[in-house]
Amino acid sequence: MRRTLLRLLFAVALPAVLVAVWWLTSDGSTNVYWPPLRTTLKTFPDVWTGDRLKSDVLPSVLRLAAGYATAAVAGVALGTVIGSYRRVRAVCEPVLEFLRAVPPPVLVPVIMLFAGIGDTMKIVVIASGCVWPVLLNTVEGVRAVDPVMKETALSYGVTGVTRLRTLVLRSASPQIFAGLRQALSIGIILMVISEMFAATDGLGFTIVQFQRSFAIADMWTGILVLGMLGFLLSVVFQVVERRVLGWYHGLRAAARRSP
C-alpha cells in the first residue's frame, strides 16, 4: 500500500508543480496570447461540452485508431519478413532509409492528391508516420532472436506459424512494443497536423479555428484537451503492454532479485 502511494505521489508531483508554475506565472497576465490559467480553466467547461467532444474529439480518436492500427499491422508484418531474411533486408534497406528520411507532414499535399481531403487522407498520413518505428523495431527484434532458441525449435520440429507465433514474435515483442510506444506519440502529432488541412472537424481543426478567430482562451483549452488525450492513451498503452508482456517484466524482476 505504501509503495502504491509513493508511486502515485511521484506520478502527480511533477504535473502539480508545472500547473502551479503555470498558474503563478500567468496570474495577472494582460497578454492576449497568454491568458491566466484560471481564465482558461473557467472557459473549459463552456467550450468542451458533450456535443463538442462527440463532434471533434471522437472523430480524431477514430482516425488515430485507424491509422495507428494500420501502421501496427503493416509494420509488424513487413518487419518480420525483412528481419527474418537477410537477402530481403539487403534489398529493402536502402529504400527504407530513403523513405524514413522523408518527414510525414511533407507528404500531406501529395497524399491529398491521391486520397482526397476526407478521412482516408488523414488516416494515411497517420499510418505513414507511425509505421517506421514499428517496422524498424520489429526488424531489430526479429534479428535479435536467440540462435540457440532457433536451433532448439527446429530440433523439436517447431516450424511455420507455430514457430513464428511462439518464438519469433514472442522474443521480439519487447522491441515491437517499444516501437508501438514511439508510434503512439507520432500518431497524435500527425493526427493534429492532418486535421489542419482541409478538415471540417477534429481537434486540430478546432484549435486552428479558435486561433484564427482570436479565441485564445478557447485555443488553450483545446491544447489542454490534446494533452489529456495523450496522457489517457499513454495510460491505456501501459496497461495493455504490462498485460501482454507480463512474462517479460516477470523475467526482469526475477533477474534483479537474483544474487
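Author: The model is a predicted one. Its largest pocket has a volume of about 420 Å³. Thirteen residues, written 13 in the count, line this pocket, and those closest to its centre are Arg 7, Ala 11, Phe 231, Val 235 and Gln 238. Two or more lining residues come from each of helix H1 (2–26) and helix H10 (216–244).

Reader: Which element gives the most to the lining of the largest pocket, and what is its class make-up?

Author: H1 gives the most, with seven residues. By class, the lining comprises eight nonpolar, three polar and two charged residues.

Reader: What makes a residue part of the lining of the second largest pocket, and which residues line it?

Author: A lining residue must have an atom within 4 Å of a point of the pocket. Those that line the second largest pocket are Pro 15, Val 19, Trp 22, Leu 37, Leu 41, Phe 44, Ile 223, Leu 224, Gly 227, Met 228 and Phe 231. The elements giving two or more residues are H1, helix H2 (37–47) and H10, and H10 gives the most, with five. The space in this pocket is about 280 Å³.

Reader: Why does the lining of the second largest pocket count one polar residue?

Author: The lining divides into 10 nonpolar, one polar and no charged residues. Gly 227 is among the lining residues, and Gly counts as polar, so Gly 227 falls in that class.

Reader: Why is Thr 43 called buried?

Author: Thr 43, found in helix H2, has a relative accessibility of 17%. Buried means under 20%, therefore Thr 43 qualifies. Beyond its neighbours within four places in sequence, Thr 43 is in contact with Ala 217, Asp 218 and Thr 221.

Reader: Which residues of the largest nonpolar core touch the most other members?

Author: Of its 47 residues, these are Trp 48, Tyr 68, Leu 180, Met 191 and Leu 203. Elements giving two or more residues to this core include H2, helix H3 (50–84) and helix H8 (160–194). Leaving aside neighbours within four places in sequence, Leu 203 has contacts that include Trp 48, Met 191 and Leu 229.

Conventions: Residues are numbered from 1 along each chain as its sequence is written. This is a predicted model: local features need pLDDT of at least 70, side-chain atom pairs count only at pLDDT 80 or more; totals for chains, interfaces and linings use all residues. Side-chain values use heavy atoms; hydrogens and water are left out. On a 1 Å grid over the protein atoms alone, a cavity is a set of points where a 1.4 Å probe fits but cannot get out, and a pocket is an open set with protein on both sides within 12 Å along at least five of seven lines; lining residues have an atom within 4 Å of a point. Grid points are joined across faces, edges and corners, and a volume is the space filled by probe spheres set on the points. Helices (H or I, at least four residues) and strands (E, at least two) are DSSP runs, numbered from the N terminus. Buried means under 20% relative accessible area, exposed over 50%, partly exposed in between (1.4 Å probe, protein chains only). Contact means heavy atoms within 4.5 Å. A nonpolar core is a set of buried Ala, Val, Leu, Ile, Met, Phe, Trp, Tyr and Cys residues joined through side-chain atoms within 4.5 Å.
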